[in-house]
Amino acid sequence: LNPRAPPSLPGTEAGRRASQRAMEDEEMERKVPQYLHRKGFRLTELALQEERNRLSTTSLSDVSLSRPDNDPARYYDGYNKLRSWAYNSLDQYKDWKLRVLYPAFIHCFMDLVSEGHTLEARAFFLKFREDHELMHSRDLQKLEGTLSPLHLEEMDLARSLRENKFRIKLCEYSYELLLQYLQKTQALVMLGIINERIIFEVSAGQPSLISDDADVVALVGTSKDLAKQINQKEVHWGLLEDSVEERMEKALSDSDRAEGESKDADAEDNNKKKSSEGGKQGGPLNKKLKKDKLVGATGKNTKSETSMISAAPRVKPELTLPATPVEVEQSILEDLRNRAQLNNLALLSVSFYTFLNTHNGLNCSSISNDGSLVVGGFSDSSVKVWDMAKIGQPAKTFSSQGENGSSQDERLSSTSEGKRPYTLFQGHSGPVYSAAFSPFGDFLLSSSSDSTIRLWTTKLNANLVCYKGHNYWDVQFSPVSHYFASASHDRTARIWSMDKIQPLRIMAGHLADVDCVQWHVNCNYIATGSSDKTVRLWDVQTGECIRMFIGHRSMVLSLAMSPDGRYMASGDEDGTIMMWDLSTGSCVSPLAGHNSCVWSLAFSCEGALLASGSADCTVKLWDVASSTKALKMDDTKAGSTNRLRLLKALPTKSTPVYNLRFSRRNLLFASGALSL
């Protein structure tokens with residue numbers, strides 16, 4: 001053959017000969033199976049058919065492999081075929097197969113960007129974005145602006161996605177179907193992404209409807225056992241030994257018991273006197289006395305059943321705790337005497353404080369323990385404190401407190417005589433994102449984007465200390481008031497004491513911003529919620545992470561600890577609330593609580609109820625006592641779930657709920673800014 005000879009064209013003699021040979025070959029291939037079938041050579045016919053199939057598959061693979069390695073179309077073709085395979089599956093298996101699509105979509109897009117195919121990556125993203133908009137809208141918004149390999153290196157989310165793996169839960173049969181599809185289609189691009197980027201947890205048994213477990217698709221570290229290894233560490237979740245509340249409750253129970261015994265003795269003496277004098281009058285009096293005793297006993301039983309605190313273990317403090325003043329102990333004792341016992345039959349009262357005319361300038365708010373003071377942090381760097389005792393009084397002068405501690409009297413900038421008086425604290429040079437009162441209301445902390453935390457005194461209306469460090473999203477006092485914790489944009493949380501300007505501990509480990517922080521009731525631990533969709537528990541003495549809670553699908557915005565210290569609730573941007581068992585590190589109650597961001601969570605004093613406040617303008621009350629009681633009775637294994645029951649939803653007119661707080665008397669305070 002002459003290698004330089006031109007190819008045979010259809011109109012030439014050589015072309016006609018080639019076409020004739022091809023027709024003869026096709027006729028021969030058709031007649032041979034007919035001959036074998038007519039002669040009864042069944043095995044030979046099957047062997048011939050298998051050989052033809054093998055040759056056909058090999059030729060198709062050669063065609064697919066002939067595509068250049070840098071051809072961007074291979075990502076589009078591979079993902080489109082995988083998507084069609086998943087969506088065309090039976091409904092029984094479709095929900096399980098669809099879980100693979102999001103990791104494949106994300107990494108196809110990022111691989112296209114990293115290889116420099118910007119236009120193709122953009123077209124791919126817009127083509128298939130709608131498939132994942134419902135569950136991953138926030139991540140898609142961040143990735144939408146990724147246009148170059150440099151963006152992938154600079155963006156925290158992209159770096160986290162490329163450095164870590166997805167963990168996906170699949171039923172055994174769906175996993176086998178996926179393997180068969182990858183083997184049959186020889187989809188090398190998808191096979192490489194799945195092998196490198198996904199870890200499968202295969203569960204035995206038949207597939208069921210899609211689980212509402214938030215952990216079915218989760219981003220974990222490169223080590224599969226990272227979270228499990230951390231969660232094996234021991235956590236002492238009990239209450240402090242000889243705490244103020246414990247001493248006060250013991251003193252209160254002793255005084256109530258002595259008072260009850262004296263009343264019973266007096267009633268019996270009076271009853272004996274009247275029964276000896278009156279004859280028939282003794283019958284109804286005896287019945288009334290028995291009824292009073294029955295009511296008293298029932299009340300005590302209700303109190304013991306609803307209280308989670310009495311059964312909690314006691315632990316020793318790891319921090320040096322300050323002494324409690326006598327007047328504070330007397331105040332706590334008085335509050336405990338007047339505490340309302342709440343349960344699913346006896347719901348609480350709510351006092352809601354609404355900010356008016358804030359013009360979208362209010363960033364945060366907080367309420368003191370007794371509800372007497374309300375603070376707001378504003379975008380103009382100001383901090384304002386309202387005294388509820390002065391609400392409705394005629395407008396007078398208010399105190400404006402500067403950074404240097406000097407105060408000046410200024411007339412309220414309003415012609416209305418009913419203007420609410422407030423104390424203005426000035427000192428920050430950036431928007432104020434968090435404010436918190438001390439447990440006894442004598443101090444106030446405010447954190448700002450100016451990289452400072454300021455400590456104010458509410459008695460002198462003065463700025464005492466300025467703590468400098470990082471950009472702060474949240475700040476919270478410890479239950480004993482002397483220590484406080486901060487959460488920051490630099491992915492760390494810090495422990496501070498009021499008498500030192502440098503942090504005592506720095507907790508590092510989150511992959512994105514730390515958005516919220518919460519102290520444990522025994523002051524030995526703090527919890528942090530992050531934009532990396534995880535919650536972590538830290539030991540304040542060592543600064544070590546001892547629990548990692550994985551399950552949220554969006555950034556974690558709020559945290560709350562139960563009064564006995566065993567459970568923790570967390571709320572995220574999607575409106576999901578999850579309750580965790582600190583002793584095991586498992587989620588005990590996941591629920592879709594709200595339609596928007598959950599900005600605040602609070603447990604009632606005895607732990608029977610959980611209140612949640614959201615940007616959807618509602619406060620919701622959840623039954624915690626029934627859920628935790630069933631959990632303890634069943635002695636369930638780690639990972640099993642139990643639903644929290646919604647007791648009541650309390651909608652506001654048009655006020656997103658910024659903050660919730662239970663007083664020591666079990667009155668729920670809430671605050672928010674009216675949005676029109």
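Arg 74 counts as buried, at 17% relative accessibility (buried is under 20% relative accessible area, exposed over 50%, partly exposed in between, with a 1.4 Å probe and protein chains only). This is a predicted model, in which local features need pLDDT of at least 70 and side-chain atom pairs count only at pLDDT 80 or more, while totals for chains, interfaces and linings use all residues. Residues are numbered from 1 along each chain as its sequence is written, and side-chain values rest on heavy atoms, with hydrogens and water left out.

Arg 74 has a partner: its side chain meets that of Glu 115 in a salt bridge, at 3.1 Å from N to O (a salt bridge being a side-chain nitrogen of Lys or Arg within 4 Å of a carboxyl oxygen of Asp or Glu). Since Arg 74 sits in helix α3 and Glu 115 in the loop between α5 and α6 (118-128), the pair ties together parts that are 41 residues apart in sequence. Helices here are DSSP runs of H or I with at least four residues, strands are runs of E with at least two, and both are numbered from the N terminus. Glu 115 is partly exposed, with a relative accessible area of 34%.

Asp 131 is partly exposed at 24% relative accessible area, and Arg 83 is partly exposed at 25%.

Next comes Arg 162 with Asp 111, a salt bridge whose closest N and O atoms are 3.7 Å apart. Arg 162 belongs to helix α9 and Asp 111 to helix α5, so this pair ties together parts that are 51 residues apart in sequence. Asp 111 is buried, with a relative accessible area of 13%, whereas Arg 162 counts as partly exposed at 27%. Elsewhere, Arg 122, Arg 129, Glu 133 and Glu 144 are linked in a network of salt bridges. Searching the whole structure turns up 15 salt bridges.

Then there is helix α11 (residues 188-197), where Val 189, Met 190, Ile 193, Ile 194 and Arg 197 are buried. Viewed down the axis of α11, these buried residues fall within an arc of 125° and so line one face of the helix; the arc is that of the directions from the helix axis to the C-beta atoms. The buried residues of α11 pack against several elements, including α3 (73-87), α5 (101-114) and α9 (156-163), where contact means heavy atoms within 4.5 Å.
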